[in-house]
Amino acid sequence: MAHKGGQLSFLSDEQIEKVHEKSLRVLAEVGVKVENEKALGLFEKEGADVDYEEKLVRLPAEMVENSIETAPSQVTLYGRREEHNIELGGTKVHIGTGGTAVNVIDIDTGEKREAVTGDVANTAWLVQNLDNIDFFIVPVFPNDAGKEGADEARFFNALKNTTKHVMGGVYTREGIEKVIDAAIKIAGSEEELREKPIISFIANIMSPLSMEKDYTEYFRYAVEKGVPVLGPPAPIAGATSPITLPGTIVQTNAEALFTVAFSQVIRKGAKTLYSVVPTTMDMKTSDFRFGSIEMGMMNAACADLAQYYDLPIYNTAGVSDAKIPDIQAGYEKMSTVMLSALAGANYIHDAAGLLDSGMCVAYEQYVIDDQILGIADRVLRGLEFSEERMAFDEIKEVGPGGNFLTCDSTLEFMRTEFFDDALHENSDWEDWGERGSPDARERAKNIAREILDQEQESFVDEEVFK
């Protein structure tokens, strides 16, 4: 169940107007390189200034603003159970997985190894059984399947093992066709899939200001098929975007608006999200920083921009540069998740399981992150100041020196007022020691093992994939 964010605003109205004006100038004066002839033709037909020799598209301000108007302000991404449908827009907050990690920390050995197809199935099953993770973006690349088989291995194993909405990046045209064909069979018809999309795709724009030929084609094909597709830019401040946070926000906003415009050039009203992944670089080492607080600040600021445009937003939080589930992972993840949630971002991805700057996942980290997301959700739920909850009658009845243990309100609200943290440890020292002194990571491993040891139900008939 989504709760509303929006309690936090990073940008003033004046700052939003400044970013908007500069972003329009970037799109009109600098433009975006588009290495796809079909896409160039579509843009030109709709009134863009297209330089075929340089493969450069410049968008007039009016065209950008018309695209914002025709893009939907509310998008529902469907699960295969009603409780897993997620309505995106306004300041409704949903949080889930993401990434394309190539490695996994083995839950038994603790060693890093290559991700394989079985890890897609296992992470999907974990997410199916963790209540605070709202959607499943396929988080690992199955190295055993290779690029040619990755789309099928990722989406088919995801759909078999979770009924939550499935999203992911794609690698081949043949793969995306097979995935859509399977989704049509599951949905019942192509029209049903258009109306209630159970899958969606990611086909990134490349920062700075470039759209690669194949990704552009995948984007176009998905929109034509009625499947929601996102083109999130992932600029790195100081490397592929300006080092200043406002400069990176301007570029990110321009790139995000360009992909919104592209979706509307293909088909007016096409389902898409204003999508962003602004990140940073460590200026001491030139290493990529995916868990920095500045990354969290920029993603939260972009939620302000999305609300200004009245567009649903896909943004990023909950990633860590830590190598294992440790203290660094905890503070990096909690700080950025809370920022985006309070800013009212709608579809916060990468927020569960990822470590090592997005290159690795750990099964126990999904359990830990599920608790972090639950805490964020409790904050968004806020405080309800009803007469009953302000409890004046109880305070008067108990009076000075009494206690509230047997009050009717205590019994009524004891299971709902506080967040139930499955990882929380507050037993006395001796009892904890007698149980082997398990830390939060070990407790999370035990929960993950219990889930993975369950008999995994298949949610899709194998015939669908033939």
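**A walk through the fold**

Let's start with D356, which is buried, with a relative accessible area of 16%. Here "buried" means under 20% relative accessible area, "exposed" means over 50%, and "partly exposed" is in between, judged with a 1.4 Å probe and protein chains only. You'll find D356 in the loop between β21 (354–355) and β22 (360–362). Those labels come from DSSP runs numbered from the N terminus: helices are H or I runs of at least four residues, and strands are E runs of at least two.

Before going on, bear in mind that this is a predicted model, where local features need pLDDT of at least 70, side-chain atom pairs count only at pLDDT 80 or more, and totals for chains, interfaces and linings use all residues. Residues are numbered from 1 along each chain as its sequence is written, and side-chain values use heavy atoms, leaving out hydrogens and water.

Back to D356, whose phi is near 55°, a positive value in a residue other than glycine. L209 has a phi near 55° too, again positive and again not in a glycine. Why does that deserve a look? Because most residues other than glycine have a negative phi, and most peptide bonds are trans. L209 sits in the loop between β12 and β13, and at 14% relative accessibility L209 counts as buried. That loop, between β12 and β13 (210–211), also holds P208. A cis peptide bond joins P208 to S207, with omega at about 0°.

Now follow the chain back to strand β12 (residues 199–202), where I199 and F201 point one way, S200 and I202 point the other way, and all are buried. Which strands pair with β12? Two strands pair if DSSP finds at least two bridges between them. Strand β11 (residues 166–169) pairs with β12 in the parallel sense over four bridges, and V166 stands opposite I199. Strand β14 (residues 229–230) runs parallel to β12 as well, joined by two bridges. There, I202 has L230 as its bridge partner.

At 1% relative accessibility, T259 counts as buried. What does T259 touch, leaving aside its neighbours within four places in sequence? T259 is in contact with I205, F219 and G231, where contact means heavy atoms within 4.5 Å.

Elsewhere, five strands form an open sheet with mixed pairing, in the order β1-β7-β20-β19-β16. Its edge strands are β1 (3–4) and β16 (274–275), and each of them pairs on one side only. Inside that order, β7 (residues 92–95) and β20 (residues 347–349) run parallel and are joined by two bridges. H94 has Y347 in β20 as its bridge partner. Helix α10 (residues 293–309) lies across β16 and β19 (313–316), and runs at about 175° to β19. That angle is taken between N-to-C directions, on a scale from 0 to 180 degrees, using lines fitted to C-alpha atoms (for helices, over the stretch in contact).

Our last stop is L383, in the loop between α12 (363–381) and α13 (387–390). Is L383 buried or exposed? With a relative accessible area of 67%, L383 is exposed.
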